[in-house]
Amino acid sequence: MTVGQARALDELTDRYCLPVDLEPSAAENAFGRPGPIGLEIGFGMGQALLRWAVERPEWNLFGIEVYQPGIGSLMLGLERDQLTNVRIFEAPAEDVLANSLGGAEIDEVRIFFPDPWPKKRHHKRRLIQADFVALLVDKLRPEGRLWLATDWEPYARWMLNVLEAQSDLVTELAAGRELSDGPYQRLETRFEARGKRLGHRVWDLVYYKKRCSTASR
Ligand SMILES: C[S@@+](CC[C@H](N)C(=O)[O-])C[C@H]1O[C@@H](n2cnc3c(N)ncnc32)[C@H](O)[C@@H]1O
């Protein structure tokens with residue numbers, strides 16, 4: 001951890017971080033204003049979330065991460081750019097979704113380059129699992145978007161299987177692609193750059209929630 005990240009964790013946590021056991025309504029009220037709600041899970045060093053916050057100042061954005069240097073790094077960026085539209089949970093995403101964002105209607109969830117856990121015996125540790133995606137879909141508003149990216153093709157196929165089995169999700173984009181393609185522009189993250197250095201192709205999977213989900217019928 002750098003000196004700056006440690007300083008951010010000491011001095012900026014109260015400003016940007018929310019307790020994991022926060023009431024759902026308190027989490028939504030944390031911004032003190034209405035607005036579309038976005039969520040990035042496993043934001044790493046926070047580059048993509050910071051860019052989202054700059055490009056969409058009217059959005060209220062949540063970030064979830066368990067890696068403290070990354071949280072410190074994001075808070076430094078938020079302070080530097082004087083951004084007030086991001087709040088952070090330092091906890092496993094499963095816990096946050098079950099507790100703090102329980103009543104939220106999220107407009108877009110992004111999960112970029114989650115740990116691929118390549119060994120078969122570790123597949124159960126992968127973040128993208130049927131139960132977890134069901135939880136995410138439950139939190140999405142109708143027509144809300146779920147955007148996943150990975151540079152590990154077997155994980156891309158795994159993700160596709162999980163997403164396609166979710167009857168409330170509809171495919172918007174499911175492709176290996178170059179960043180410059182199409183309307184889905186993303187900042188290249190640290191792990192994406194690493195994957196590309198290793199010669200990996202990048203996969204983006206974008207789904208949206210049906211207007212009338214089976215859960216709400
Ligand atoms: C491979 S890194 C990708 C980071 C970043 N999205 C990027 O593309 O550079 C995966 C990140 O997910 C975080 N992570 C893993 N499991 C998590 C969980 N259950 N809840 C929240 N974050 C998690 C890790 O700490 C790590 O920073």
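Among contacts in the protein between residues at least 6 apart in sequence, what percentage join residues at least 24 apart? The figure is 79%. A contact here means heavy atoms within 4.5 Å.

This is a predicted model, where local features need pLDDT of at least 70 and side-chain atom pairs count only at pLDDT 80 or more, while totals for chains, interfaces and linings use all residues. Residues are numbered from 1 along each chain as its sequence is written, and side-chain values use heavy atoms, with hydrogens and water left out.

## The whole protein

The protein has 9 helices and 8 strands. Both are DSSP runs numbered from the N terminus: helices are H or I with at least four residues, and strands are E with at least two. The C-alpha trace spans about 45 × 45 × 35 Å along its principal axes.

What radius of gyration does the protein have? It is 17 Å. A compact globule of 217 residues would have a value near 17 Å, so the two agree. The radius is taken over C-alpha atoms, and the globule rule is 2.2 Å times the number of residues to the power 0.38.

Of the 217 residues, 48% are buried. Buried means under 20% relative accessible area, exposed means over 50%, and partly exposed lies in between (1.4 Å probe, protein chains only). The accessible surface of the protein comes to about 10800 Å². Carbon and sulfur atoms account for 50% of that surface. These areas come from the Shrake-Rupley method with a 1.4 Å probe; for residues, only the protein chains shown count as cover.

Now the charges. The protein has 29 positive and 32 negative side chains. The centres of the two sets lie 5 Å apart. Lys and Arg count as positive, Asp and Glu as negative; His and the chain ends are not counted. Each charge is placed at NZ of Lys, CZ of Arg, CG of Asp or CD of Glu.

## The start of the chain

Met1 sits in the segment before α1 (3-11). Is Met1 buried or exposed? Met1 counts as exposed, because its relative accessible area is 57%. Leaving out residues up to four places away in sequence, Met1 touches Ala6, Leu9, Gln68 and Pro69. Glu164 is 163 residues from Met1 in sequence, and their C-alpha atoms are 39 Å apart in space.

Next comes helix α1. Its buried residues are Gln5, Ala8 and Leu9. The arc is that of the directions from the helix axis to the C-beta atoms. An α-helix has 3.6 residues a turn, so residues three or four places apart point the same way. The face turned away from the buried side of α1 carries the exposed residues Val3, Asp10 and Glu11. The buried residues of α1 pack against α2 (13-16) and α5 (68-80).

Gln5 is one to look at within α1. Beyond its neighbours within four places in sequence, Gln5 is in contact with Met45, Pro69, Gly72, Ser73 and Leu76.

Most residues other than glycine have a negative phi. Phe113 is not a glycine, yet its phi is positive, at about 55°. Trp117 also has a positive phi, near 40°, without being glycine. Where does Phe113 lie? Phe113 is in the loop between β5 (106-112) and α7 (130-139). Trp117 is in the loop between β5 and α7 too.

In α7, the buried residues are Phe132, Val133, Leu136, Val137 and Lys139. Their arc around the axis is only 160°, which puts them on the same side of α7. On the other side, Ala130 and Asp131 are exposed.

Phe132 lies in α7. Not counting residues up to four places away in sequence, Phe132 touches Ile41, Ala93, Glu94, Leu97, Ile111 and Leu127. Arg80 is 52 residues from Phe132 along the chain, and their C-alpha atoms are separated by 34 Å.

Helix α9 (residues 190-197) has Glu192, Ala193 and Gly195 as its buried residues. These fall within an arc of 160° seen down the axis, so they line one face of α9. Just after α9, Gly199 takes a positive phi of about 85°.

| Residue | Relative accessible area | Class |
|---|---|---|
| Gln5 | 9% | buried |
| Phe113 | 8% | buried |
| Trp117 | 29% | partly exposed |
| Phe132 | 6% | buried |
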